[in-house]
Amino acid sequence: RPRSAPGPGRSSRGAPAGEMGLEPLFQAWSYFRRRKFRECADVCSQLLERPLGEQTFYFLLILIQAAWNLKTRALTEMVYVDEIDMDQEGIAEIILDENAIAQVARPGTSLKLPGTGQGGGPSPAVRPVTQSGRPITGFVRPSTQSGRPSTMEQAIRTPRTALTARPITSASGGYVRPGTASMITNPDGPFINLSRLNLTKYAQKPKLAKALFEYIFHHENDIKNALDLAALATEYAQFKDWWWKVQIGKCYYRLGLYREAEKQFKSALKQQDMVDTILYLAKVYLRLDQPVTALNLFKQGLERFPGEVTLICGIARIYEEMNNISSAAEYYKDVLKQDNTHVEAIACIGSNHFYSDQPEIALRFYRRLLQMGVYNCQLFNNLGLCCFYAQQYDMTLSSFERALFLAENEEETADVWYNLGHVAVGIGDLNLAYQCFKLTLVNNNDYAEAYNNLAVLEMRKGHTEQARALLQTASSLAPHMYEPHFNVAILSEKVGDLQRSYTAAQKSEEAFPGHVDTQQLMKQLKEHFAML
């Protein structure tokens, strides 16, 4: 019997003609794939709130589970932070650290002791150092922002990097505080009430459990419940699932239980060799102040994953933090052999060339960043300095003007004005330099270098008292800098206050043991004291 043709107004599948809309669950999945997480969560919410209708119970159960899973993943992605790159130490972690391995570490084996590197990098007279004694890097990372203050007073003065009113802590730096993420992403209240969850039941459903864990860990920031779920799930998997072991290790790391985290990551590596697990384990060793162990781990990882950029970059970062600048530069060059668009490697090599008195070569690296599409205040600031020291004066001021235009906050503006002050000193216009340093302090009142340079200008004018006050401010703001202490010593020696001069010279020598002028001044003062 021949089949009849479709009737008028009907498609061959029996659906209404002209219907173009996607099925809601596929629409939500499409939004998720395009990273439109808010729209994805809204569609899933409508699916979950829809009346039961005429579908069979089994089909409806699958649909609800799929929508719930997708919404959980969408909400997680909205606040997701990669744990590998988040390594900010708060005041509590730095000052109240009970994981010290050796109070007096051997040279070259600790990140906490300044000046233990053996790399022959530029001296503090050429390259500025942080309050922990390490040279300023060419690329801002979480671990280089806060430094390692040695006293509680310095910790309180640590720059605010979380844009909050308090110093950075591990809670404020990169992680959303518990309870706030759910309010941001779901105005009607939390999507999942964690206190009512039966974690044992979810742990027996691997596909749902993994999405739920990431939601609890990243979105709700409830580490304890996340750890409970991971422990139950890995037990259900008979301890054979490496993914759950990595998650337990992440929970232990966030809770400060570094040795337990180390055990979990090592166990996961035995089951499944993964680059991410190596990076997590290296983070544990760095937090335990064992950089040599982390270096060996990275090098072993490179034997199994040759050419892996993240491992080579990890080695370069550790060498840079240990003041071994020459080795760090070699590894950053290896990074560029594998990935010639790696921004961090290009920036760090450029910074190293600049402080090694090679501004022309540094300029090539920074121009490369500009060609790659990096367009921000810091880059034009560096371009301006390179152009000035490479004697390309036509581009210097235009680069600094562009940097001022692109500055996003007062700290960046202060950096640009400070560098303009240096340019003004270089061309001999001391009045312009004075105005630039004043503008630096208008934008950032804690800029120790500007106070020091203003004091030098005041000394040239013969204003001794103003210079002394500015130098005292600079030395109290940045005790790790040797310049304010040395200038105080010189000023006090000129006015005949030998005791204060000797005390300041001792502080200068402590901050920079190899400073020849400080050594000569101390020798003169000791001769004076011997004559008395």
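Helices here are DSSP runs of H or I with at least four residues, numbered from the N terminus. On that numbering, Phe239 falls in the loop between α11 and α12 (242-254). The model is a predicted one.

**Around α11**

Helix α11 covers residues 223-236 and holds Thr234. Thr234 is buried, at a relative accessible area of 4%. Leaving out residues up to four places away in sequence, Thr234 touches Phe239, Asp241, Trp244, Lys245 and Ile248. Phe239 itself is partly exposed, with 49% relative accessibility.

**Positive phi values**

Phe239 has a positive phi and is not a glycine. Asn323 also has a positive phi and is not a glycine. Asn323 sits in the loop between α16 (309-321) and α17 (325-338).

| Residue | Phi |
|---|---|
| Phe239 | near 60 degrees |
| Asn323 | near 70 degrees |

Buried means under 20% relative accessible area. Asn323 has 14% relative accessibility, so it counts as buried.

**Helix α18**

Helix α18 spans residues 343-355. Its 13 residues should span 18 Å at 1.5 Å a residue, and the end C-alpha atoms are 18 Å apart, so the two agree. Eleven of the 13 residues are buried, so α18 is largely enclosed by the rest of the structure. Among the buried residues are Glu344, Cys348, Asn352, His353 and Phe354. What covers the buried residues of α18 includes α16, α17, α19 (359-371) and α20 (377-389).

How values were computed:
Residues numbered from 1 in each chain as written. Predicted model: local features only at pLDDT ≥ 70, side-chain atom pairs only at ≥ 80, totals over all residues. Heavy atoms only, no water. Helix = DSSP H or I, 4+ residues; strand = E, 2+ residues; numbered from the N terminus. Buried < 20%, exposed > 50% of the residue type's maximum accessible area, 1.4 Å probe, protein only. Contact = heavy atoms within 4.5 Å. Expected span 1.5 Å × (residues − 1).
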